[in-house]
Amino acid sequence: MAGRRLLWTPFLMAVFLAGILAALPDRNVSPVAGAIFVHELKREHFQGAFPSIRKNYSEIPSDTPITFHAQLLGHPDLPRWLRYTQRGPYRTGYLYGSPTMKDVGRQLIEVTAYNRHTYETVRQRVIFTIVPAPDTQMPYQAEFFVKNRDVEEVLPADAQKQFQQALDIMLEQKDWSIINITSALDRGGRVPLPIEGRKEGVYIKVGSRRPFSDCLLETKSFDNQFRCSLDQQPVIPCYDSFSPQFRVDWCNITLADLSSLSITERVPVWGDGVLEDGSEYNPPTDSPEKAFLSDYLLTILLPLLVALLLCLLLAYIMYCRREGVHKRDLKTSDVQMVHHNTIHSNTEELRHMASSRDVPRPLSTLPMFNVRTGERISPLQGRQDSAHVPLILAPAVRPTRGTPVS
């Protein structure tokens with residue numbers, strides 16, 4: 001019987017896991033290095049794959065809360081060029097980013113969808129095949145800060161097309177393309193207050209093969225920079241075609257001219273604090289010895305020394321600076337001393353006379369007394385009902401007519 005139970009245990013575990021876990025077919029995408037890439041995680045695509053919903057496919061709820069978690073296969077997080085955002089469990093999730101030439105290759109991203117009502121999960125692998133950018137580079141890059149949009153509001157293709165059309169109309173060039181989109185929170189921005197109309201802000205970087213127009217160069221002029229320092233809007237010679245859909249902060253625009261750099265110099269180089277792919281961190285084995293005597297003297301002995309000096313100063317003030325009785329009497333005049341001695345002697349004489357006279361104490365000073373009879377009663381004496389005399393007599397009851405008087 002025990003052997004049969006052991007044989008049934010893996011089967012039951014497999015059935016249980018199959019009931020709560022599900023998987024969707026792999027999906028292939030092809031991002032281009034140096035261009036923005038957006039992959040939508042639609043809730044409807046994962047909602048129908050949950051086991052509890054597949055059993056009742058005719059009754060699929062439309063308000064199922066679903067959240068996503070994405071990671072590089074075999075790693076706890078996403079690649080450095082890829083980001084994930086989702087505003088809430090009832091909104092669409094996005095995987096977005098701009099790969100570089102260093103990221104060219106194949107990457108497997110595992111996406112897990114969670115049903116917040118039933119705690120079921122659905123997994124799907126997204127195969128990223130990053131291809132290199134075409135030969136035509138975009139050395140002239142400009143980055144705009146849009147204040148009235150969140151990052152997930154700009155990621156859809158329609159919003160990107162609308163921004164690019166406004167840019168082409170304003171600059172009178174049609175070769176600008178979006179390179180990257182970054183949330184203002186990833187640049188150190190603050191989370192806005194939960195007030196309607198407040199947005200986080202988003203940075204949109206565009207690139208072109210043609211030099212900057214006079215409209216963009218005018219935003220970096222000395223006069224406009226001076227106006228920005230006074231919190232005033234700069235004056236641009238071209239028409240602002242972004243308004244009112246996109247409220248661009250013209251004081252927070254960045255222009256980068258990479259035409260003089262080689263292709264290898266355009267690739268960002270990571271500093272010493274970032275590990276290379278496939279490398280491991282080797283911490284130092286031996287740490288240098290350090291003497292803690294100076295730290296001990298500074299933290300322990302110095303406060304004790306200060307406390308000792310304060311105690312000595314206080315003792316000198318209390319015991320060494322006091323004036324004795326004899327010295328005080330010498331500084332006092334004879335008239336004041338005679339007056340003080342006279343008052344002291346008279347007070348002692350009155351106290352002696354008061355203690356020697358035989359006068360009964362006032363009743364109010366006794367522990368207990370009766371205001372009517374003047375009888376003294378000790379508070380420790382037990383109550384005697386037979387000899388009890390009330391402190392305040394009850395009012396006498398007058399006889400009425402027809403009542404015999406005893």
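## Arg-123 and Glu-110

Let's start with Arg-123, which is partly exposed at 40% relative accessibility. This is a predicted model, and in it Arg-123 forms a salt bridge with Glu-110, with 3.9 Å between the closest N and O atoms. Arg-123 sits in strand 8 and Glu-110 in strand 7 (residues 105-115), so the pair ties together parts that are 13 residues apart in sequence.

What about the partner's surroundings? Glu-110 has a relative accessible area of 15%, so it counts as buried, because the cut-off for that is under 20%.

## Asp-26 and Arg-125

Strand 8 (residues 121-130) also holds Arg-125. Its side chain meets that of Asp-26 in a salt bridge, 2.9 Å from N to O. Asp-26 is found in the loop between strand 1 (21-23) and strand 2 (27-29), so this pair ties together parts 99 residues apart in sequence.

Here both partners are partly exposed: Asp-26 has a relative accessible area of 37%, and Arg-125 comes in at 33%.

## Arg-187 and Glu-143

Next up is a salt bridge between Arg-187 and Glu-143, whose closest N and O atoms are 2.5 Å apart. It links distant parts of the chain, 44 residues apart: Arg-187 is in the loop between strand 10 (177-183) and strand 11 (202-208), while Glu-143 is in strand 9 (residues 140-146).

Arg-187 is partly exposed, with a relative accessible area of 42%, whereas Glu-143 is buried at 11%.

## A network, and the total

Arg-87, Asp-150, Glu-152 and Glu-200 are joined in a network of salt bridges.

How many salt bridges are there? The count comes to 8.

Terms used: Residues numbered from 1 in each chain as written. Predicted model: local features only at pLDDT ≥ 70, side-chain atom pairs only at ≥ 80, totals over all residues. Heavy atoms only, no water. Salt bridge = Lys/Arg side-chain N within 4 Å of Asp/Glu carboxyl O. Helix = DSSP H or I, 4+ residues; strand = E, 2+ residues; numbered from the N terminus. Buried < 20%, exposed > 50% of the residue type's maximum accessible area, 1.4 Å probe, protein only.
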